[in-house]
Amino acid sequence: MSWEVVIGLEIHAQLKTNSKLFCHCSAAFGDTPNTNICPVCTAMPGVLPVLNKKVVDSAIKLGLATNCKINSINEFSRKNYFYPDSPKAYQISQFDKPICLAGYLNIMVNNELRRIDITRIHMEEDAGKLVHQGSDNISGATHSLVDLNRCSVPLLEIVSEPVIRSATEARLYMEKMRQIIRYLDIGDGNMEEGSLRCDANVSIRKRGDIKLGTKTEVKNLNSFKSVEKAINLEIDRQIDILEDGGTIIQETRHYNEATASTTSLRSKEEAHDYRYFPDPDLVPIVIDELWIETIRKELPELPEAIQKRFVNDYNLPTDHSVRLTSIKKLAEDFENAYKNRKNENITPLETANVALKYYDYFLSNNLDFSKSNHASFQIGGLTFLVNTSTVSSSTITSILPDIVNTNYDPIEYVKEKGLAQVSDTGELKSIIQDVIKENPGPAEEIKSGKMQTIGFMMGQIMQKTKGKANPGLANKMLKELLGIS
Ligand SMILES: [Zn+2]
């Protein structure tokens, strides 16, 4: 039987503000438990919340960057539920008057453009954290401790329409959302620290059916890998149940990364279970056109626009331009290196190739590229070395471990270490003549037309020059000296 998968994502993005949503406590991650708290975020009687304007600004930024309509009248509502990590016994969130509505993001899936519609984005506060003792989960713990530092840290919840059709699409959409959040500099998108997380609503239906199947909500997805893995597990589980003639129960399921399985948490609650009502302590916020336009002017150039510009202005292949814009700093470092090129004939593609090699080195060694302050300068220097054939592009790879995260000038470094290629024709000529003399057999083979032996002879030349012979030049001279060019 052919099944169609229907997925909607609820992404929670923590905002990079100094203070919390309704008080002046620090919103920093990882501080000593219960040190960033005050009477407001711990819900002492009689306190009043005061809204952090930067949160509203950030929400408008994300709304504009994701093609949403910004609602002029905003209201905060109380979502009532009890849990030990929330001393108020309600969460301040937005209900029927959220800040952003009806947006979308485009993603590329197998070289095809897919539009993922966004239902809404709303502002809300986070809850505290339970630290279970003696076990990773509550059921195996002897007791649990409460850390209220995270209480009232500002979040944006981004709700997609149920238009995602596979686990891979869900991951790509979430990656794109993180990219935009980072470009806007409104959140760090750090999934290990919980500043970006998501819940996935998953259902399946027979292909061609209009009616949606019963959905389950999978929680605790805190890495891109687990988003994809957990959704695929849930799809398989639902298909098995339906094909065995069973029915899906609407419920919330917990994803366990260690066992790669989902387990039932509770039957799914409905919105009315939370008894939402407008928070009487917070007045509605009116966002006028002037406010929106002021924020619009502050928006940075976004990845899709930069990609187009790189393809149009620099004639870069799409693949290069997509990779260069994966993070804003790399796009900037590439462009600065090219604009400050040390030779007029250096091309954007040469610079892009070096920039990507440079960035890949950080990725494959788990180094933090955001702290690499000399990247643009070093990319420029390395490109000059390749452009002038001073070093080969493979030498670049071997230099990187010594220079990244230092302020070394690559050009000086190559000079100091004597790594420059031998491009002196006189010096190369005598080396190649020696190699021919020492290998008369292979030399004869080449002369009689066995061209694959050239590789062997090049190997000998490289050995004698400790890899520093300019390969193009050496190849040409070898052929000349053997009289076959
Ligand atoms: Zn506080």
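1. Asn67 counts as partly exposed at 36% relative accessibility, where buried means under 20% relative accessible area, exposed over 50% and partly exposed in between, with a 1.4 Å probe and protein chains only. Asn67 lies in the loop between α1 and β2 (69-70), helices being DSSP runs of H or I with at least four residues and strands runs of E with at least two, numbered from the N terminus. The phi of Asn67 is near 65°, a positive value in a residue other than glycine. Most residues other than glycine have a negative phi.

2. This is a predicted model, in which local features need pLDDT of at least 70 and side-chain atom pairs count only at pLDDT 80 or more, while totals for chains, interfaces and linings use all residues. Residues are numbered from 1 along each chain as its sequence is written, and side-chain values use heavy atoms, with hydrogens and water left out.

3. Asn34 also has a positive phi, near 60°, and is found in the loop between β1 and α1; at 33% relative accessibility Asn34 is partly exposed.

4. The protein donors of the zinc ion are the SG atoms of Cys23, Cys25, Cys38 and Cys41, at 2.3 to 2.4 Å from the ion; donors are N, O and S atoms within 2.8 Å of the metal (3.2 Å for Na, K and Ca), and sites may look incomplete because water is not among the atoms. The spacing of the donor residues in sequence is C-x1-C-x12-C-x2-C. The four donor atoms subtend angles of 99 to 114° around the zinc ion, so the arrangement is tetrahedral, a term that requires all angles of four donors to lie between 85 and 135 degrees.

5. The chain is divided into domain 1 (3-294), domain 2 (301-417) and domain 3 (425-481), with bounds that come from an automatic or database domain assignment. Between domain 1 and domain 2 about 690 Å² is buried, 59% of it from carbon and sulfur atoms, buried area being the accessible area (1.4 Å probe) that two parts lose on being put together, summed over both. In domain 1, Lys176, Gln179 and Tyr183 lose the most area to domain 2, together 73% of what that side buries.

6. The rule finds one salt bridge across this interface of domain 1 and domain 2, a salt bridge being a side-chain nitrogen of Lys or Arg within 4 Å of a carboxyl oxygen of Asp or Glu. The side chains of Lys176 and Glu304 meet in a salt bridge at 2.7 Å, N to O.

Definitions and conventions: Four donors count as tetrahedral if all angles lie between 85 and 135 degrees; four count as square planar and six as octahedral if opposite donors are over 155 degrees apart and all others between 65 and 115; anything else is irregular.
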